[in-house]
Amino acid sequence: MTAQRDIKADTWTVAGRTFTSRLIVGTGKYKSLEENAAAVEASGAEIVTVAVRRVNISDPTQPMLTDFIDPKKTTYLPNTAGCFTAEDAIRTLRLAREAGGWNLVKLEVLGEAKTLYPNMRETLRATEVLVKEGFEPMVYCVDDPIAAKQLEEAGAVAIMPLGAPIGSGLGIQNRVTIRLIVEGANVPVLVDAGVGTASDAAQAMELGCDGVLMNTAIAEAKNPVLMAQAMKAAVEAGRLAYLSGRMQKRRYADPSSPLAGLI
Amino acid sequence: MSLDGSLGIRVNGEHRRVMGPLSVAEMLNELGLDPLRVAVERNLEIVPRGTLDSVCVEDGDDFEIVHFVGGG
């Protein structure tokens, strides 16, 4: 058995692309593009999620995200945030593919504004169409092992169940279903949404997830760059703990020091 | 098209008048946008980047021009 594991050698692969970092970070809600770039750097993330929006026609000289986070060095994962129908999401991703020139995308089709829970019927429908059009969708979904299986069968390249509602910071609400999804999946599983602090990210990794995606937990921390560093460490710690195989839980104490030879 | 040769179009929901004839690439240039950083939809259809020079802007066209912004 290897005594220690080089975390850099512990890679994961989605749609034929291999990454070292298991942390994907969002780029929304930051106070400035500078702070955003510093947080991405501290997180060690190799993939960032981005939104697709109308350009500002009245002021085209405004600084752009691509000036601060280089799409040649960091993989941009375009999302469909704000889309409530399969059609809107597909239209958004067609534009994203044209703007960025790649097929790897994050699909999310929301059901309502209050919870931002995914609409799974629309999500599944959009997945089927996108796959036919050559996209490689990583799909945000409910923490439901059956829905996860259906998405995989439809061609999702990664399953991304929510730990808790988007932006809530509540942490993983249902460890059992996240674990069931991990056990049933043949594609990477990443907890997407609900992470609030480092222990939540570590927990996702301890459950055997391939990665974690978060935005608000870092962007809304008082010190986002420091929290990004914490999340990097938490994801690595959780991953190592998962690989190491935790001890069995007992209902009663079991002394760590030998009982023999007591004075 | 009006008598002066100008075209009435919509860009991201706003009405504009531009002088024709012009290509989509020329329109982007006039708007101060870098074609390599945006994606263009014309009347609900993507205009592939490689064809921006050859597709002409026509009277009544409806354009959506998008780029990447911060998001989760």
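**Figure 1. Residues around the second largest pocket of the predicted model.** In this predicted model, the second largest pocket is lined by Arg175(A), Arg179(A), Gln203(A), Glu206(A), Leu207(A), Ala241(A), Tyr242(A), Gly245(A), Arg246(A) and Lys249(A). The elements that contribute two or more residues to this lining are helix 6 (175-184), helix 7 (198-206) and helix 9 (224-244) of chain A. Sorted by class, the lining of the second largest pocket holds 5 charged, 3 nonpolar and 2 polar residues, and the volume of this pocket comes to about 330 Å³.

**Figure 2. The largest pocket and the residues at its centre.** The largest pocket has a volume of about 500 Å³, and 30 residues form its lining, of which Lys29(A), Ile166(A), Gly167(A), Asn215(A) and Thr216(A) lie nearest the centre of the pocket. Two or more residues of this lining come from each of strand 4 (47-54), strand 10 (211-214) and helix 8 (216-219) of chain A. When the lining of the largest pocket is divided by class, 13 residues are polar, 11 are nonpolar and 6 are charged.

**Figure 3. Confidence of the prediction in chain B.** Chain B has a mean pLDDT of 93, with 99% of its residues reaching 70 or more. Among the elements of chain B, the lowest mean pLDDT, 93, belongs to strand 2 (residues 14-19) of chain B, while the highest, 96, belongs to strand 3 (residues 39-42) of chain B. For the model as a whole, the scores are ipTM 0.92 and pTM 0.91.

Definitions and conventions: Residues numbered from 1 in each chain as written. Chains lettered and ligands numbered in written order. Predicted model: local features only at pLDDT ≥ 70, side-chain atom pairs only at ≥ 80, totals over all residues. Heavy atoms only, no water. 1 Å grid on protein atoms, 1.4 Å probe; cavity = no way out; pocket = protein on both sides within 12 Å on 5 of 7 lines; lining within 4 Å. Points joined across faces, edges and corners; volume = space filled by probe spheres on them. Helix = DSSP H or I, 4+ residues; strand = E, 2+ residues; numbered from the N terminus. Nonpolar A, V, L, I, M, F, W, Y, C, P; charged D, E, K, R; others polar. pLDDT = per-residue confidence, 0-100.
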